[in-house]
Amino acid sequence: MVLIGSHPILGFAVYFYSLGATVILAARKMDQLKSTAKEIELLGGKCDVMQLNIRDANQALEAVNQIVAKHGKLNGLVNNAGGQFHSPASKMTPNGFATVVDLNLMGTFYLCKAAFDGYMGEHGGTIVNIVADCRNGFPGMVHTGAARAGIINMTKTLAIEWGPYNGIRINCVAPGMTISSGMKNYPEKVLDGFIANGWMNPSGRFGTESEMAASVVFLLSPAASYITGVNLPVDGGYSLSRSDAKGPEAMYNPKGSLMRPYIGWPSDEKAAIQEVDAPTGIVKLFEKYKALAVNGINRDSKL
Ligand SMILES: CCCCCCCCC/C=C/C(=O)SCCNC(=O)CCNC(=O)[C@H](O)C(C)(C)COP(=O)(O)OP(=O)(O)OC[C@H]1O[C@@H](n2cnc3c(N)ncnc32)[C@H](O)[C@@H]1OP(=O)(O)O
Ligand SMILES: NC(=O)C1=CN([C@@H]2O[C@H](COP(=O)(O)OP(=O)(O)OC[C@H]3O[C@@H](n4cnc5c(N)ncnc54)[C@H](OP(=O)(O)O)[C@@H]3O)[C@@H](O)[C@H]2O)C=CC1
């Protein structure tokens, strides 16, 4: 039984289905949740939906209580809901900063605490918090950088406090720039910046939803049973990079990426991710990745 805060990317759904988990999708907009649930069911998975605003601690606990009452358990939690807006710190208002901290840091804490109080404190469980690549600060997004760094540190504390007596494991996944519906939130100019920056890392490309999902499912699964309190960057090495067009990536890899994208199970047409709900420039990138995931990459196929 896995609760995913937010309408998750289809990749999660596919993976949870492969593990045989029942997925509960929770976010504010029911329409979006229902259509994702339909896709999961079409693939043969089990899914439930519920409305939830993670910024409300009472709603978070109520959601967990409802799940436990209906399904008898809650042994997985993925805190995927989150976001921010792009703004230099000099132009950001105190309320703008506080709002993003409230959503990401407070919201994640509310869900973790609700899961602990409502089920995991007594029975154990596994939590994955989705953060972002904030290792070297987060220019243009000071609020989210601070909030996500807070989540990473909170995760370490909870791993220590909650691990020893009931076996809770809690980890973070830090996605690099990922092809997803989240890209609809940014103005074209900001997106152009993302796309231009996308190749300036060792992978030379954005990540895919499947690549994020695979690491989340790994951390949730018994295969990661000795891993807790870590932050796993899933970013093609982006967090190590200076994102400099004349930097080492350009020197060592002038023709672009050789890291083959992963989009599900390419050999299984039904399960692989077929499309993303994103702005045109991002969808075009995805179409390229899809072809490369299936056909492979050669040195002349710059992304
Ligand atoms: C190239 C580099 C590579 C850098 C590489 C970086 C790669 C990053 C890739 C990351 C991708 C993702 O995360 S993808 C996920 C994308 N999804 C999202 O980002 C969802 C974003 N949106 C939201 O979650 C919400 O809208 C959220 C931002 C939390 C605001 O929530 P609310 O509705 O409660 O907020 P409001 O009440 O409207 O506003 C609260 C305050 O915030 C301010 N505010 C709200 N939106 C604002 C905006 N767009 N611009 C300015 N200010 C804004 C308001 O003015 C208010 O402040 P006052 O005026 O003072 O009152
Ligand atoms: N895409 C990327 O490049 C990166 C993404 N990330 C992070 O990964 C996560 C998923 O990103 P992505 O799929 O791209 O983003 P999306 O914006 O597509 O998804 C965000 C989800 O969060 C839900 N959500 C937002 N606010 C709330 C709330 N108050 N209560 C409950 N649910 C909420 C939204 O649903 P609804 O509006 O219906 O509530 C939506 O389903 C986010 O935390 C994002 O910041 C991190 C780094 C890079």
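Two strands pair if DSSP finds at least two bridges between them. Helices (H or I, at least four residues) and strands (E, at least two) are themselves DSSP runs, numbered from the N terminus.

This is a predicted model, in which local features need pLDDT of at least 70, side-chain atom pairs count only at pLDDT 80 or more, and totals for chains, interfaces and linings use all residues. Residues are numbered from 1 along each chain as its sequence is written, while chains are lettered from A and ligands numbered from 1 in the order in which they are written.

**Colour by confidence**

Start with pLDDT, the predictor's confidence in each residue, from 0 to 100. The protein chain averages 87, and 87% of the residues score at least 70. Confidence is lowest in helix H1 (residues 10–19), at a mean of 63, and highest in H4, at 98. For the complex, the predictor gives an ipTM of 0.97 and a pTM of 0.94.

**Strands E4 and E5**

Select residues 76–79, strand E4, and residues 126–130, strand E5; the two run parallel and are joined by 4 bridges. Asn79 has Asn129 in E5 as its bridge partner.

Now look at the two sides of E4. In a regular strand the side chains alternate between the two faces of the sheet. Gly76 and Val78 lie on one side of E4, Leu77 and Asn79 on the other, and all are buried. A residue counts as buried if 20 or more other C-beta atoms lie within 10 Å of its own, as exposed if 12 or fewer do, and as partly exposed in between, with C-beta atoms placed from the backbone.

Right-handed means that, with the strands pointing away from the viewer, the path from the first strand over the helix to the second runs clockwise.

Asp102 is partly exposed because it has 16 C-beta neighbours inside 10 Å. From Asp102 to Leu285, 183 residues apart in sequence, the C-alpha to C-alpha distance is 32 Å.

Next select ligand 1. It is surrounded by 18 residues, of which the closest are Gly83, Phe85, Thr93, Gly182 and Gly193. The elements giving two or more residues to this shell are H4 and helix H6 (188–198). H4 gives the most, with 5 residues. A residue belongs to the surroundings if its C-beta atom, placed from the backbone, lies within 6 Å.

Which classes make up the shell around ligand 1? It has 6 nonpolar, 12 polar and no charged residues. Here Ala, Val, Leu, Ile, Met, Phe, Trp, Tyr, Cys and Pro count as nonpolar, Asp, Glu, Lys and Arg as charged, and the others, Gly among them, as polar.

**Strands E2 and E3**

Move to strand E2, residues 22–27, where 5 of the 6 residues are buried. The chain crosses from E2 through helix H2 (residues 30–42) to E3, in another right-handed β-α-β crossover. E2 and strand E3 (residues 46–51) run parallel, with 6 bridges between them. Val23 has Cys47 in E3 as its bridge partner.

In helix H5, residues 142–166, select Ala149. With 18 C-beta neighbours inside 10 Å, Ala149 is partly exposed.

Finish at helix H7, residues 209–220. Its 12 residues should span 16 Å at 1.5 Å a residue, which agrees with the 16 Å between its end C-alpha atoms; the expected span is 1.5 Å times one less than the number of residues. Because 10 of the 12 residues are buried, H7 is largely enclosed by the rest of the structure. Among the buried residues are Glu209, Met212, Val216 and Leu220.
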